Structure formats: C-alpha cells, structure tokens
Amino acid sequence: LTTAEDSLCLPVAALVETGTETIVYTGYDEETKEFIDPVKVTTGISDGAYVQILSGISDGQSVYYPYYDTLVISNAPEMSGGFRFG
C-alpha cells in the first residue's frame with residue numbers, strides 16, 4: 001500500500017491529457033464559457049478518484065474543470081403489488 005500524506009491532490013476529472021502532457025486549467029472565461037490558462041502538471045500516485053500533483057501548481061491555486069453529477073432518469077412506470085395474469 002502506497003500513501004502520500006500532506007500531498008496536493010486533485011480529482012482525476014480535473015486532468016486533461018494532451019499527447020504527452022498532462023494539464024489543468026487555472027482559469028474560466030465567463031463570457032465564452034471556456035476553460036483558460038492551461039498549466040502543465042506532473043502527477044504522482046492516484047487512487048482512481050484523486051491524483052497527487054508533484055509540480056505545476058501550488059496549494060491554494062484555483063483549478064477549473066467540468067463537473068458532472070450522476071443523474072439517473074427512468075421512464076419505467078412504477079409498479080405496486082403483483083402481476084395479474086389472465
């Protein structure tokens with residue numbers, strides 16, 4: 001088991017792979033609704049949800065990325081009771 005205490009970590013979703021580089025966006029343009037100011041980062045260990053950031057940004061610096069919450073929509077009718085057969 002590998003751990004890294006007191007490390008700067010980000011959600012994996014914040015990382016963008018661009019060929020051989022990994023970047024994060026440090027700005028967001030409200031007018032164009034686009035992420036801006038990409039910064040190259042070096043990553044360390046990951047638990048699948050979060051990844052250690054070794055260099056590129058510092059603690060307290062803002063990072064912007066799209067956040068998608070899980071949404072389940074079902075059109076199936078709710079059933080109560082048992083089935084009736086003919």
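Guide: Two strands pair if DSSP finds at least two bridges between them. With that in hand, welcome to this predicted model.

Visitor: Happy to be here! Which residue in E4 is the bridge partner of Tyr28?

Guide: Strand E3 covers residues 21–29 and pairs with E4 in the antiparallel sense, over 6 bridges. Within E4, the bridge partner of Tyr28 is Phe35.

Visitor: What kind of aromatic pair do the rings of Tyr28 and Phe35 make?

Guide: The whole structure holds 2 aromatic pairs. For Tyr28 and Phe35, the ring centres are 5.3 Å apart and the planes stand at 55 degrees. Planes under 30 degrees apart would count as stacked and those over 60 as edge-to-face, so this pair is tilted.

Visitor: Which strands stand at the edges of the open sheet?

Guide: The sheet has 3 strands in the order E2-E3-E4, with antiparallel pairing. Two of them have a single partner strand each, so one side of each lacks a neighbour in the sheet. These edge strands are E2 (16–18) and E4 (34–40).

Visitor: Which residue in E6 is the bridge partner of Cys9?

Guide: Strand E1 (residues 9–11) runs antiparallel to strand E6 (residues 50–55), and 3 bridges join them. Across from Cys9, the bridge partner in E6 is Gln52.

Visitor: Which residue takes a positive phi in the hairpin of E5 and E6?

Guide: E5 (residues 42–46) pairs with E6 in the antiparallel sense over 3 bridges, and Thr42 stands opposite Ser55. The hairpin has 3 residues between its strands. A positive phi near 95 degrees is found there at Gly48.

Visitor: How many residues make up the largest nonpolar core?

Guide: Members of this core include Leu10, Val24, Val41, Ile57 and Val63. Leaving aside neighbours within four places in sequence, Ile57 is in contact with Leu10, Val24, Val41 and Val63, among others. In all, the number of residues in the core is 9.

Visitor: One last thing: which residue forms a salt bridge with Lys33?

Guide: A search of the whole structure finds 1 salt bridge. Its closest N and O atoms are 4.0 Å apart, and both Lys33 and its partner are exposed. That partner is Glu30.

Technical notes
Residues numbered from 1 in each chain as written. Predicted model: local features only at pLDDT ≥ 70, side-chain atom pairs only at ≥ 80, totals over all residues. Heavy atoms only, no water. Salt bridge = Lys/Arg side-chain N within 4 Å of Asp/Glu carboxyl O. Buried < 20%, exposed > 50% of the residue type's maximum accessible area, 1.4 Å probe, protein only. Helix = DSSP H or I, 4+ residues; strand = E, 2+ residues; numbered from the N terminus. Core = buried A, V, L, I, M, F, W, Y, C linked by side-chain atoms within 4.5 Å. Contact = heavy atoms within 4.5 Å. Phe/Tyr/Trp six-rings, centres within 6.5 Å; stacked < 30°, edge-to-face > 60°.
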